[in-house]
Amino acid sequence: MTDFQPVARVDEVPDPGSLLVEVDDRLVVLIHAAGHWYALDDVCTHDGGPLSDGPVDPAGPSIACPRHGAKFDAKTGAALTMPATKATVAHEVQVDGDRVLVRLAPAG
Amino acid sequence: MSSTTLTPVGFSRESFESFLAARDEPGWMSDLRRAAWQRFEELPMPSRNDEEWMRTDIRLFRLDKYSTPGDAEQSGQLPPALLSAGVEVGGRTASLNSRPVESSLSDELAGQGVLFGSLDELLPEHGDVLRPYVERRVVDPGYDKFAALHAAFWSGGSVLFVPKKVRVEQPLHALAAMTDGGVDFTKTLVVLEQGAEATLLSETASSDPAAGGFHCGSIELIVEPEARLRYVNLQNWGGGVWHFAHQKAHVASRAGLQWTIGALGARLAKVNQHVALTGQDAEAQVNGVMFTHGKQHLSYNTHQHHEAAHCRSDLLYKAALQDQSRTVWRGMIKVDEAAQRTDAYQRNDNLMLSQASRADSIPGLEIEADDVRCTHGSTAGRVDDNQIFYAMTRGYTRTEAVRMIVAGFFQQVFDRITIESVRDALGRAIGDRVRDISE
C-alpha cells in the first residue's frame with residue numbers, strides 16, 4: 001500500500017470541480033463536490049476517455065465522460081450509466097490543512 | 001577568468017542548430033532537416049480528440065525530459081541480439097543511443113555494389129546513390145509532430161541498398177540499442193532496385209528490461225519492380241520506453257514484400273505501419289506478433305494502400321495480453337479507383353490472458369474501385385478452461401499448459417514467417433514472458 005501524497009492545494013479546485021493530477025506515473029482526477037473530495041483513475045472504462053475533461057454533478061456525486069456521457073460514482077468509481085459497464089478505480093483522499101492528499105489503490 | 005560553453009539541452013531551436021552544426025552532412029540534407037524542424041514548431045502535440053490518438057494517452061510523456069540525439073549518453077554495452085542468434089549474416093550494423101557503433105559487410109556483397117551500414121556514415125560518401133530515395137520522403141515528415149521531430153533529428157540507424165538484380169542470400173542484421181533514459185532517433189532506409197532480393201533482420205533493445213527512454217523513429221522500405229524483400233522488425237525496448245514510429249513501404253510493380261513485426265517491449269508504443277502497393281501486380285504480406293504484460297500500451301495503426309490494379313495484400317496481427325496491458329489495432333484497407341482486381345485481407349486476433357487486459361480492434365475498409373475482393377476479420381477471447389484442464393490431465397502443469405496454448409495461438413502467424421531464426425526468437429521471447437492466466 002502506498003502512502004498518502006500531496007497532490008493539490010484546496011483552493012486549486014472549485015466546488016463543484018475537478019483537477020487532473022499525476023501520482024506515481026498514474027493520472028488521477030481529483031473531484032471536489034458538495035464540500036467532499038474524491039479521486040478516481042482518469043479513465044473511462046468504456047473507451048479510455050479522460051474523465052477530467054467531463055462535468056461533475058455534486059448531487060451524485062458523479063463525474064461524466066465527455067465523449068459518450070458515461071457517468072461514474074465519485075465515491076466508488078462504479079459505472080452508473082451506459083455505455084460504461086465496468087468501474088474505474090477509486091482512490092482514498094484526505095485533506096490536511098490546505099493540502100489535498102491521495103493514496104493510490106493497489107494496481108489490478 | 002574562465003569561460004564555459006553551454007550546450008543547449010532539450011528540443012529547442014538552439015539545440016536543433018547545435019545538433020545540425022555538429023553533423024557532417026550535405027547541404028540538401030540540412031535543408032530537409034530545417035524544413036522538418038519548421039513543421040515541428042508549427043504542429044501541435046497529438047490530442048486525444050484526434051481519432052488516431054483517442055485510445056492512446058500520452059499526457060505523462062514529457063519531451064523535455066530527453067536530450068537530442070547529439071547530446072545523448074554515448075557509453076554503454078550493446079545488449080545481445082535475438083534475431084541473429086545462430087544465423088550466419090552477410091553484414092551487421094549497430095547503434096547505441098542513435099550513434100553508430102559498428103558496421104560490417106562481407107567483401108562479396110560489397111563487391112556486388114551492396115551498401116549496408118549506418119545511414120549517418122554512408123550518406124556523406126554515397127549521397128549520389130541515396131539522395132533520390134531520401135528525398136522521396138516515403139514517410140511524410142509533416143504527418144504529425146513526432147514524424148516532424150524525427151525528420152529534423154534523425155541520427156544513426158541503418159541503410160541497405162541492393163543494386164539491380166543482385167540477390168543477397170545471407171540475411172543482414174541491424175540493431176538499435178538504448179541505455180536507460182537514452183534516446184533513439186534511428187532511421188531505417190531499405191532500397192531494393194529492380195529484380196533485387198534481400199532479407200533484413202532489424203531489432204531494437206535496451207540495456208536492461210526495465211530501462212526507460214524515448215524512441216522517435218522511422219522505417220522506409222522501397223521495393224522497386226520485381227524485387228523481393230523480407231523485412232523483420234522486432235521492437236524489444238525496456239519496459240519504460242516511449243516508442244513513436246512511422247513506418248512505410250512502397251512496393252512497385254510485380255515486386256513482393258514480406259514484413260514481419262514483433263512488438264514485445266516499451267511502456268507505450270504508437271506505430272503507424274503503412275504499405276503502399278504502387279505498381280500493378282505487387283504483393284505484400286504483413287505479419288504482426290504482439291505480447292504485452294504489466295501496464296504496457298501498444299497501439300498500431302496499419303494501412304494497406306492499393307494504388308494500382310491486380311495487387312494483393314494480406315495482413316495478420318496476433319496479440320496476447322497479460323496483466324493490465326492494452327493493445328490498440330486500427331487497420332485500414334484503402335483501395336483507389338484505379339486499383340481494380342485488388343485482393344486484400346486483414347485480420348487481428350487477440351488472446352486475453354487476464355481479466356484486466358484490454359484489446360481494441362478496429363478494422364476498416366475504404367474502397368473506391370468496383371471490382372475487388374476485400375475482407376477483414378477480428379477476434380478476441382480468453383483461453384478455454386477446458387483446454388487447460390485437458391492438458392493438465394495429460395500430465396502438464398498449469399503454466400506449461402498455458403504456454404502451450406499461447407504458442408498454439410501464435411502458430412498461425414509463425415507458419416507464415418519463413419525465417420527460422422525469427423520464429424525461434426519470437427517463440428522463445430513470448431514463452432519467457434508467459435506466466436499464468438490470472439482470474
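Predicted model: local features only at pLDDT ≥ 70, side-chain atom pairs only at ≥ 80, totals over all residues.
Helices and strands are DSSP runs, of at least four residues for helices and at least two for strands, numbered from the N terminus.

Figure 1. Chain B contains nine helices and 20 strands. Its radius of gyration is 22 Å, close to the 22 Å that the globule rule gives for 439 residues, so chain B is as compact as a globular protein of that length. Along its principal axes the C-alpha trace of chain B spans about 80 × 60 × 50 Å, and buried residues account for 51% of the 439 residues. Of the contacts in chain B between residues at least 6 apart in sequence, 82% join residues that are at least 24 apart.

**Figure 2. The open sheet of chain B.** Ten strands of chain B lie in the order S2-S1-S5-S8-S10-S12-S14-S16-S18-S20, with mixed pairing. At the edges are strand S2 (99-105) and strand S20 of chain B, each of which pairs on one side only, and the twist from one strand to the next averages 5°. Within the sheet, strand S5 (residues 172-178) and strand S8 (residues 197-206) of chain B pair in the parallel sense over seven bridges, and Leu201(B) in S8(B) is the bridge partner of His173(B).

**Figure 3. Two helices of chain B that pack on the sheet.** Helix H8 (residues 398-414) of chain B touches strands S14 (283-292), S16 (312-321) and S18 (343-352), and its direction makes about 165° with that of S16(B). Helix H9 (residues 420-433) of chain B touches S8, S10 (228-236), S12 (256-263) and S14, and its direction makes about 25° with that of S14(B).

**Figure 4. The largest nonpolar core and the surroundings of Val251(B).** This core has 121 residues, and those with the most contacts inside it are Val190(B), Val223(B), Val251(B) and Leu257(B). Helix H6 (residues 145-153) of chain B gives the most to the core, with seven residues. Leaving aside neighbours within four places in sequence, Val251(B) is in contact with residues including Val223(B), Leu257(B), Val275(B) and Ala284(B).

**Figure 5. Ser378(B) in strand S20 of chain B.** Ser378(B) lies within strand S20 (residues 373-382) and counts as partly exposed because it has 17 C-beta neighbours inside 10 Å. Residues up to four places away in sequence not being counted, Ser378(B) touches Asn348(B), Ser361(B) and Pro363(B).

**Figure 6. Where chain B meets chain A.** Seven residues of chain B are in contact with eight residues of chain A, and the side of chain B that touches chain A has two nonpolar, one polar and four charged residues.

Terms used
Residues numbered from 1 in each chain as written. Chains lettered and ligands numbered in written order. Rg over C-alpha atoms; globule rule 2.2 N^0.38 Å. Buried ≥ 20, exposed ≤ 12 C-beta atoms within 10 Å, placed from the backbone. Nonpolar A, V, L, I, M, F, W, Y, C, P; charged D, E, K, R; others polar. Core = buried A, V, L, I, M, F, W, Y, C linked by C-beta atoms within 7 Å. Pairing = 2+ DSSP bridges. Axes fitted to C-alpha atoms, helices over the stretch in contact; angles between N-to-C directions.
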